[in-house]
Amino acid sequence: MREHSRNGVAGRFAERAVGERSESAGGSPVGGVAAEPELVERPSRRRFAAEYKLRVLREWEACSAPGAVGALLRREGLYTSHLSAWRQQRDAGALEGLGRARGRKPADRRELENEELRRRNARLEAELAKARKVIEIQGNVSALLEQMLGTRGEDGSTGQ
């Protein structure tokens, strides 16, 4: 009986724990080469679709023979607590909400286009501001050069 209980998930964790204790105690690895420890995957929580929950609840309500509910639970790999929670969800109207897709709603095509146009407009406005600054600087340089050349031309000196 004890062997049977160690075959499942609990057995894998128990074996891992024993192996970890012996390695941390300073025991040398076999052959002088450190063996890679076997990694046990963490079990993930099962998720059930709303349609599946409703189907199982309908089957559960249809069970009238003795032992039929137990057979249903064994066949589906469920517990009575699943049925209790699912019944409460169904009675509260939550199962209809669970059937909807999760996450963001798909964006409207017009909204995507508007966002793209806003980004493009912002980029073009930034380029226009840069161009205006360049034109302003060129105007200042031109005025400065005119001023410098104008003063040289007035004295008649060539600057050499």
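A residue is termed buried at under 20% relative accessible area, exposed at over 50%, and partly exposed in between. In the predicted model described here, Glu61 has a relative accessible area of 45% and is therefore partly exposed. Of the 160 residues of the chain, 9% count as buried. The chain contains seven helices and zero strands, and its elements follow the pattern α-α-α-α-α-α-α along the sequence.

Helix α5 spans residues 80-92. The distance from the first C-alpha of this 13-residue helix to its last is 19 Å, close to the 18 Å expected at 1.5 Å a residue. His82, Leu83 and Trp86 are the buried residues of α5. These residues lie on the same side of α5, because they cover an arc of only 95 degrees around the axis. Thr80, Gln88, Asp91 and Ala92 are exposed on the other side of the helix. Gly93 follows α5 and has a positive phi, near 80 degrees.

Three aromatic pairs are present in the structure. In one of them, the ring centres of Phe48 and Trp86 are 5.1 Å apart and the planes stand at 70 degrees, so the pair is edge-to-face. This pair links distant parts of the chain, 38 residues apart: Phe48 belongs to the loop between α2 (9-24) and α3 (50-62), and Trp86 to helix α5. Phe48 is partly exposed, with a relative accessible area of 22%, whereas Trp86 is buried, at 4%. Trp86 also pairs with Tyr52; here the ring centres are 6.1 Å apart and the planes are at 80 degrees, so this pair is likewise edge-to-face. Tyr52 lies in helix α3 and Trp86 in helix α5, so the contact ties together parts that are 34 residues apart in sequence. Tyr52 and Trp86 are both buried. Through these ring pairs, Phe48, Tyr52 and Trp86 are linked into a cluster.

The count of salt bridges comes to ten. Among them, the side chains of Glu59 and Arg75 meet at 2.4 Å, N to O. This pair ties together parts that are 16 residues apart in sequence, because Glu59 lies in helix α3 and Arg75 in helix α4. Glu59 is partly exposed at 25% relative accessibility, and Arg75 is exposed at 53%. A salt bridge also joins the side chains of Glu61 and Arg90 (2.7 Å, N to O). The pair links distant parts of the chain, with Glu61 in helix α3 and Arg90 in helix α5, 29 residues apart. Arg90 is partly exposed, with a relative accessibility of 25%.

In helix α7, Arg109 and Glu113 are four residues apart, about one turn of the helix. Their closest N and O atoms are 3.8 Å apart, and the two residues form a salt bridge. Arg109 is exposed at 61% relative accessibility, whereas Glu113 is partly exposed at 44%. Salt bridges that share partners also join Arg55, Glu59, Arg75 and Glu76 into one network.

A nonpolar patch on the surface is formed by Ile137, Val141, Leu144, Leu145 and Met148, which together have about 460 Å² of accessible area. Leu144 is located in helix α7, residues 109-155, and is partly exposed at 46% relative accessibility.

Key: Residues are numbered from 1 along each chain as its sequence is written. Side-chain values use heavy atoms; hydrogens and water are left out. Patches are made of residues with over 30% relative accessible area and no salt bridge: like charges are joined within 9 Å, nonpolar side chains (Val, Leu, Ile, Met, Phe, Trp, Tyr) within 5 Å. Accessible areas come from the Shrake-Rupley method with a 1.4 Å probe; for residues, only the protein chains shown count as cover. A salt bridge is a side-chain nitrogen of Lys or Arg within 4 Å of a carboxyl oxygen of Asp or Glu. Helices (H or I, at least four residues) and strands (E, at least two) are DSSP runs, numbered from the N terminus. Buried means under 20% relative accessible area, exposed over 50%, partly exposed in between (1.4 Å probe, protein chains only). The expected span of a helix is 1.5 Å times one less than its number of residues. The arc is that of the directions from the helix axis to the C-beta atoms. Rings of Phe, Tyr and Trp (its six-membered ring) pair if their centres lie within 6.5 Å; planes under 30 degrees apart count as stacked, over 60 as edge-to-face and the rest as tilted.
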